[in-house]
Amino acid sequence: MTTTAPQEAFLQAFHAEYPAVTTEAFGRGRAPDGRSSYEILCDRVAGSTRVLDLGCGDGLLLELLAREPGRQLAGLDLSSHSLALARRRPALSEAKLEVGRAQELPFADDSFDACVSHLALMLMSEIEQVAAEVARVLSPGGVLACAVGGGAVGGEAYERFLTLLRRTIEEAPVSQRIPALGDRRTRSREGLDEVLGPAGFAPVDWETVPVDLSGTVEQVWAAVSGLYDLGPLDHAAVERLRKAFFAEVRDITTPDGHVPCAFRIRLATARLRQAAPSTGPVPPRSRA
Ligand SMILES: C[S@@+](CC[C@H](N)C(=O)[O-])C[C@H]1O[C@@H](n2cnc3c(N)ncnc32)[C@H](O)[C@@H]1O
């Protein structure tokens, strides 16, 4: 058993119960320009024909990618339950949808022009291995475009929810806590460069975008309660958290019942260098 097994077992069990949780929680979120975070990522790889979605979940991003004609699409995910939903999307009838680990991609070298990953890279352990695998399956000059979570914007419902959630987790038995997921370096530009550079990628282009999830208190709760941390909590703890959250956002709720809620996503795009990476020690890279 590898050290990542408990994390991956947790993710599989969580998504067996909630196979569409991410699209349900974040699909309706909108950036200031009106696009969803899925649409933004899709636009980042416009013109790429062969595209892989790493940690594709129930296939919403792949469905958006399929709107560009002539594309060859592939998706990979640990969760067979999420993939079953992706397979039901008519637009993905031709897509290669594989259950598997990003650390061991079941694709040949140079199979793709682009790889996208929406709120998934940040969950992956052995991240150097993932970077090496993505570099292997991308053609030289290929693009990796990913969205990773960037926390609350501040002064709104998501920030308040996170404060309440922290308290709930502290009070919960250890058996109701999730395993540490992923590698923190994926959440910063410098960290991601440290991971991707040795695999042959040029420095990342990094952008932070606020995503608006405001709505009725029920809609906002539906979004924030999709976080992994709630999975192992018992029903009573979740119910206490829900009640506390509803009370906590009362003073920021507008007279027409609108609760402001937003989170940040970090959008990272990196291009695989044309030349194959050296097999020896990696020389330090300068950044512009
Ligand atoms: C938060 S969900 C995002 C799903 C989808 N990308 C979306 O945004 O709707 C993260 C997904 O990454 C998958 N995942 C996490 N680690 C993985 C790994 N090592 N290999 C393949 N999939 C992985 C999970 O199973 C899960 O479906």
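Predicted model: local features only at pLDDT ≥ 70, side-chain atom pairs only at ≥ 80, totals over all residues.

1. Aspartate 77 brings a side-chain N or O atom to 2.6 Å from a ligand oxygen atom. Histidine 118 also takes part, with a polar side-chain atom 2.6 Å from an oxygen atom of the ligand. On its own the ligand has 590 Å² of accessible area, and the protein covers 97% of that.

2. Which residues come nearest to the ligand? They are Tyr38, Gly55, Asp77, Ala102 and His118, out of 23 residues around the ligand.

3. A word on where the shell comes from. Helix α1 (5-17), α2 (21-26) and β2 (72-77) each supply at least two of its residues. The biggest contribution is that of α1, which gives 3 residues.

4. Now to the salt bridges, of which the model has 18. One of them pairs glutamate 126 with arginine 101, with the closest N and O atoms 3.0 Å apart. Glutamate 126 is in the loop between β4 (112-118) and α6 (127-137), and arginine 101 is in the loop between β3 (96-99) and β4, so this pair ties together parts that are 25 residues apart in sequence.

5. Another salt bridge joins the side chains of aspartate 109 and arginine 136, at 2.8 Å from N to O. Because aspartate 109 lies in the loop between β3 and β4 and arginine 136 in helix α6, the pair links parts 27 residues apart in sequence. Aspartate 109 is exposed, with a relative accessible area of 51%, and arginine 136 is partly exposed at 26%.

6. Glutamate 239 and arginine 242 also meet through their side chains in a salt bridge, again with an N to O distance of 2.8 Å. Both belong to helix α10 (residues 235-248), where a spacing of 3 residues separates them by about one helical turn. Glutamate 239 counts as partly exposed, at 25% relative accessibility, and arginine 242 is partly exposed at 25%.

Definitions and conventions
Residues numbered from 1 in each chain as written. Heavy atoms only, no water. Near = heavy atom within 4 Å. Polar contact = N/O pair within 3.5 Å; in protein donor to acceptor, adjacent residues only side chain to side chain. Areas by Shrake-Rupley, 256 points an atom, 1.4 Å probe, with all protein chains shown as cover. Helix = DSSP H or I, 4+ residues; strand = E, 2+ residues; numbered from the N terminus. Salt bridge = Lys/Arg side-chain N within 4 Å of Asp/Glu carboxyl O. Buried < 20%, exposed > 50% of the residue type's maximum accessible area, 1.4 Å probe, protein only.
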